[in-house]
Amino acid sequence: YTNSGLPAEDGWNMLANPYPSSIDWDSPNITKTGVNFAIYIWNPDLQQFARYVAGFGTNGGSNIIASSQAIWVQAFSPTANVTFREASKTSVTGSFLKTTNNNPFKIIATNANGSDETIINFNANATNNFDSGLDAAKMPSDNTLLPMMASVMNNNLFSINQLPEQEINIPIKILTGVTTPHTIAFENIATLGTISCLVLEDLQTGILHTINQNTNINVMLYDTTVSARFLLHIGAPKNT
């Protein structure tokens, strides 16, 4: 089953699992030509898009696509196509919205209306640019009461950002349609390895938050914010 001629004006296209069983998006029996490998699905419970790419998922995304489930992909070529084959079917059943087995470093922004997640992961095969097979671009919710969070590199907004291990400062953009207190939480810090430090700088207040496994930051976010208010400082690995 081939979906051809995909590119819409903005590159986003909706596909669907055509089979009466689940399929595995990571199966080598799915041909992906001219598209980024990340997939997106609307999660009505969270009012956010779930995302999945290269073993990592946010907002409940995974590689298992349920029967008849619609997904979004982003095309970058006028000849883009995705071909599903019978061999891509899997015996794994249940909802697409199933978390992966990986435990990546994750940042979660939450307000009284809901939350959003972003992942940053060190990967020796990645670059600091957008890698179509490893990264997921940001596809924001249309519910402006929720926070919208992304890491920013080279003018790209990432919901899943993989890059080589290094000392680096990464802008973190959190937008909201309501001026209200938010909590910023961090999970699986150890996944980043033996980094020398992890600090979140609030560029508006000048406060430096040293991050550890139990860190939750409470901050007032404003609906007038349009740029990245935070800067994540990842220190050099200790063994270098």
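The predicted chain has an average pLDDT of 90, and 90% of its residues score at least 70. The lowest mean, 57, belongs to strand E1 (residues 2–4), whereas the highest, 98, belongs to strand E16 (residues 168–175).

Strand E6, which spans residues 48–53, is mostly covered, with 6 of its 6 residues buried. Strand E6 takes part in two pairings, one with strand E5 and one with strand E7. With strand E5 (residues 39–43), the pairing is antiparallel and extends over 5 bridges. Within this pairing, Trp 42 faces Phe 49 of E6 across the two strands, standing opposite that residue. Strands E5 and E6 form a hairpin with 4 residues between them, and in this hairpin Gln 47 adopts a positive phi near 60°. The pairing of E6 with strand E7 (residues 56–58) is likewise antiparallel and comprises 3 bridges. Here Tyr 52 stands opposite Gly 57 in E7. The hairpin of E6 and E7 has 2 residues between the strands, and Ala 54 takes a positive phi near 50° in it.

Strand E11 pairs with strand E12 (residues 114–122) in the antiparallel sense, over 7 bridges. The two strands form a hairpin, with 2 residues between them. In this pairing, Ala 109 is found opposite Asp 116 of E12. Strand E11 is also joined to strand E17 (residues 180–187) by 5 bridges, and these two strands run antiparallel. Ile 107 is placed opposite Phe 186 of E17.

The structure as a whole holds 5 salt bridges. In one of them, the side chain of Asp 116 meets that of Arg 51, with an N to O distance of 3.2 Å. This pair links distant parts of the chain, since Asp 116 belongs to strand E12 and Arg 51 to strand E6, 65 residues apart. Both Asp 116 and Arg 51 are buried. A further salt bridge brings together the side chains of Lys 138 and Asp 116, at 2.4 Å from N to O. Lys 138 lies in the loop between strand E13 (136–137) and strand E14 (148–153), while Asp 116 lies in strand E12, so the pair ties together parts that are 22 residues apart in sequence. Lys 138 is buried, as is Asp 116.

The salt bridge between Glu 86 and Lys 89 has its closest N and O atoms 2.7 Å apart.

Aromatic residues form another set of interactions. A search of the whole structure finds 5 aromatic pairs. A pair of aromatic rings is described by the distance of the centres and the angle of the planes. Aromatic rings are also involved with a charged residue, Lys 32. Lys 32 lies over the face of Trp 25, at 4.4 Å from the ring centre. Lys 32 also lies over the face of Phe 37, where the distance from the ring centre is 5.0 Å.

Finally, Asn 156 is located in strand E15 (residues 156–163). Asn 156 is partly exposed, because its relative accessible area is 27%, and a residue is buried under 20% and exposed over 50%. When residues up to four places away in sequence are not counted, Asn 156 touches Phe 130 and Ser 151. Asn 156 and Gly 34 are 122 residues apart along the chain, and their C-alpha atoms are separated by 18 Å.

Key: Residues are numbered from 1 along each chain as its sequence is written. This is a predicted model: local features need pLDDT of at least 70, side-chain atom pairs count only at pLDDT 80 or more; totals for chains, interfaces and linings use all residues. Side-chain values use heavy atoms; hydrogens and water are left out. Rings of Phe, Tyr and Trp (its six-membered ring) pair if their centres lie within 6.5 Å; planes under 30 degrees apart count as stacked, over 60 as edge-to-face and the rest as tilted. A charge sits over a ring if NZ of Lys or CZ of Arg is within 6 Å of the ring centre and within 35 degrees of the ring normal. Buried means under 20% relative accessible area, exposed over 50%, partly exposed in between (1.4 Å probe, protein chains only). Contact means heavy atoms within 4.5 Å. Two strands pair if DSSP finds at least two bridges between them. pLDDT is the predictor's confidence in each residue, from 0 to 100. A salt bridge is a side-chain nitrogen of Lys or Arg within 4 Å of a carboxyl oxygen of Asp or Glu.
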